[in-house]
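Try each task before reading its solution.

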Amino acid sequence: MSKFIKKIIIKKPDDWHVHLRDNEVLRKVVKYTGKFYKRAVIMPNLDNPITNCSKGIAYRSRILKSMHLNYQFQPLMTCYLTNLTIPKELEIGFSNKIFIAAKFYPNYSTTNSKTGIKKISDLTSVLECMEKIGMPLLIHGEEMHKNIDIYDREAKFIEKTLDPLRKKFPKLKIVLEHITTKESVEYIKKSDFNYLSATITPHHLMLNRNDMFCGGMKPYLYCLPVLKKNTHQMALRKAISKGDKHFFLGSDTAPHLHKNKINLLSCAGIFNAPSSLLSYVKVFEEMNALKHLQSFCSENGPKFYNMPINQETITIVKKPFKIIEKINIGKDIIIPFLSGETLNWSLENKY
Ligand code: DOR
Ligand code: ZN
């Protein structure tokens, strides 16, 4: 009876999909991820993407410098794959623990993906190498073609790209990031957990496309993959509430300046770091599935990545928590997901 639960203690969570950006944005947003999570997988799609080891090392040290007092937080870096990536770079990066994984963005699929991959066959030698060394491939799974409807891109990607890829590289470890459809849930569930798993965001669990379009178009809810129909949202909620270990926490927190969110061409991305963990708690509570919160937030991710589960714990208590309204960035602002709203759960003894 989760409505009577007032206190939850879980192993400290990790966020397996985070955008921190750079410079002032990085300095202002990183503490929100550091507050809730011990480790975070850092996406490499900066304006100047992280495409090699030296860029990865330099970016990691900029992140750590921006964390000030929180020496506990561990950024786990990823390498952005282009058609110029060479296997040796990944081998060196992975064996020296510079990179935990490499990210495949289809060309023009999302923010800073103009140097993403046009044809998956351009990655053949890179993928052979990754399969051999056990380096995970993180995928933005949308099939990009002008004739493919935006709502069908994820399902088409499974059919046209992911399934053939897995047949060609059966031992390649893959994370299908930020899944949004029932087709993805079904496909992932029947796969071998060691080789295919998926992250799920809080916004795809809490919202569907009606939330974005009804009562006025809300650019703050625009992200990619785009919010889908309610039936897909329900499939995601059901997937996590069963405690299936294929699924784990990846918030896809993706800050954009206000002026770029409300521009004629709105940028895709939802900055949810101030509320992501507590939003997941809300969803698990609504699904009467709090017993599976720890596996989703703190266990399934490290198991897939063959990393230790954090030993320290956090305590989450039933106490109202108001989400910060905005963050100032120079003369602009970033508005977080659930800005100014109050959630029922808070972290104990923090802030
Ligand atoms: O909504 C998104 N924003 N989806 C992505 O895949 C990228 C991200 C970003 O970097 O802004
Ligand atoms: Zn992302």
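**Exercise 1. The cores**

Which residues of the largest nonpolar core touch the most other members?

*Solution.* Before starting, note that this is a predicted model, in which local features need pLDDT of at least 70 and side-chain atom pairs count only at pLDDT 80 or more, while totals for chains, interfaces and linings use all residues. Residues are numbered from 1 along each chain as its sequence is written, chains are lettered from A and ligands numbered from 1 in the order in which they are written, and side-chain values use heavy atoms, with hydrogens and water left out.

Step 1: A nonpolar core is a set of buried Ala, Val, Leu, Ile, Met, Phe, Trp, Tyr and Cys residues joined through side-chain atoms within 4.5 Å. Buried means under 20% relative accessible area, exposed over 50%, and partly exposed in between, with a 1.4 Å probe and protein chains only.

Step 2: pick out the residues. The largest core has 93 residues, and Leu-137, Phe-247 and Ile-316 are those touching the most other members.

Step 3: look around one of them. Leaving aside neighbours within four places in sequence, Leu-137 is in contact (heavy atoms within 4.5 Å) with residues including Leu-81, Phe-104, Met-130 and Ile-174.

Step 4: look for a further core.

**Exercise 2. The metal site**

Find which residues coordinate the zinc ion (ligand 2).

*Solution.* Step 1: list the donors, which are N, O and S atoms within 2.8 Å of the metal (3.2 Å for Na, K and Ca); water is not among the atoms, so sites may look incomplete. For the zinc ion they come from His-17 (NE2), His-19 (NE2) and Asp-252 (OD), at 2.0 to 2.1 Å.

Step 1: read the spacing in sequence, which is H-x1-H-x232-D.

Step 2: Helices here are DSSP runs of H or I with at least four residues, strands are runs of E with at least two, and both are numbered from the N terminus.

Step 3: check burial. Both His-17 and Asp-252 are buried.

**Exercise 3. The parallel sheet**

In what order do the eight strands of the open parallel sheet run?

*Solution.* Step 1: strands pair if DSSP finds at least two bridges between them. The order is β2-β3-β4-β5-β6-β7-β8-β9.

Step 1: find the edges. β2 and β9 each pair on one side only.

Step 2: follow some pairs. β2 and β3 are parallel over two bridges, with Asp-15 opposite Ala-40 in β3. Strand β4 (residues 74-80) is joined to strand β5 (residues 101-104) by three bridges, and Tyr-80 stands opposite Lys-103.

Step 3: inspect the faces of β3 (residues 39-42). Arg-39 and Val-41 point one way, Ala-40 and Ile-42 the other, and all are buried.

**Exercise 4. The antiparallel sheet**

Work out which strands stand at the edges of the three-stranded open sheet.

*Solution.* Step 1: write the order, β1-β10-β13, with antiparallel pairing.

Step 1: read off the edges. β1 and β13 have a single partner strand each, so one side of each is left without a neighbour in the sheet.

Step 2: Neighbouring strands are turned by 35° against each other on average, direction ignored.

Step 3: check the bridges. Five join strand β1 (residues 7-11) to strand β10 (residues 313-322), where Ile-8 is partnered by Ile-316. Five also join β10 to strand β13 (residues 342-347), and Lys-318 stands opposite Trp-345.

**Exercise 5. A helix pair**

At roughly what angle do the axes of α11 and α12 cross?

*Solution.* Step 1: axes are lines fitted to C-alpha atoms, for helices over the stretch in contact, and angles run from 0 to 180 degrees between N-to-C directions. The axes of α11 (residues 276-286) and α12 (residues 293-305) cross at roughly 145° and come within 9 Å.

Step 1: name the contact residues. α11 supplies Leu-277, Tyr-280, Val-281 and Phe-284, and α12 supplies Leu-293, Phe-296 and Cys-297.

Step 2: relate the helices to the strands. α11 lies across β1, β10 and β13, at about 110° to β13, while α12 lies across β1 and β10, at about 25° to β1.
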